[in-house]
Structures are given as structure tokens and as C-alpha cells.
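Hi,

Here is the structure I promised to pass on.

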Amino acid sequence: MDNQIEAWMDDKFDTKIDFDIHNCLRNLEEIQGKIVKDNLEQRSRCPIPLLTYDHQGRCQVLPLQEAKTMIDYVWDNAFG
């Protein structure tokens, strides 16, 4: 994926970069929050990560609507 992103940036913007997908994935793992709908927390009471890995090492992300809700929660509580 690193190479594909680097080639796309070079092709689209004539810009050479050294993209590191591992740091991006690590950042997504570190974003943790809660799913809150109608002022009620969903799932567990513990924060959940935006990105996890299954038993085969494949990336698993929250469904888009849940991810958006969780990111709203993180943003709302970032400075609290």
C-alpha cells in the first residue's frame, strides 16, 4: 500500500513522499472512544478502538456510521 500511495501522489501532484502506512494504522488503533446515540452509550462501557485486527491479522474497522459517532464522541471529549 505504501508504494501505491507514493505512486499516486507522484502521479497526481508530482510530489515524492515516503509514506508509512504503519504509522497511519497505529494512529487509527489509538483513536478510542464510545458509541453514544441519543445520550445512551452503546456496546461496552470501555472505550473501543476505531481499528482492530482479527485473528488472521486483517484490519477491522467500525461501520461508517458507528465510526462517525465514535469520532464525534472523541472530539466532544478531547478537551474535557
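Let's start with Asp10, which is partly exposed because its relative accessible area is 27% (buried means under 20%, exposed over 50%, and partly exposed in between, with a 1.4 Å probe and protein chains only). Before you read on, bear in mind that this is a predicted model, where local features need pLDDT of at least 70, side-chain atom pairs count only at pLDDT 80 or more, and totals for chains, interfaces and linings use all residues. Residues are numbered from 1 along each chain as its sequence is written, and side-chain values use heavy atoms, with hydrogens and water left out.

Searching the whole structure turned up 2 salt bridges (a side-chain nitrogen of Lys or Arg within 4 Å of a carboxyl oxygen of Asp or Glu). Asp10 pairs with Lys16 at 2.9 Å, N to O, and Lys16 is exposed, with 70% relative accessible area. Arg58 and Asp54 also pair through their side chains, at 2.8 Å, N to O. Arg58 is partly exposed at 47% relative accessibility.

Now the helices (DSSP runs of H or I, at least four residues, numbered from the N terminus).

Leu28 belongs to helix 2 (residues 21-30) and is partly exposed, at 33% relative accessibility.

Cheers

How values were computed. Helix = DSSP H or I, 4+ residues; strand = E, 2+ residues; numbered from the N terminus.
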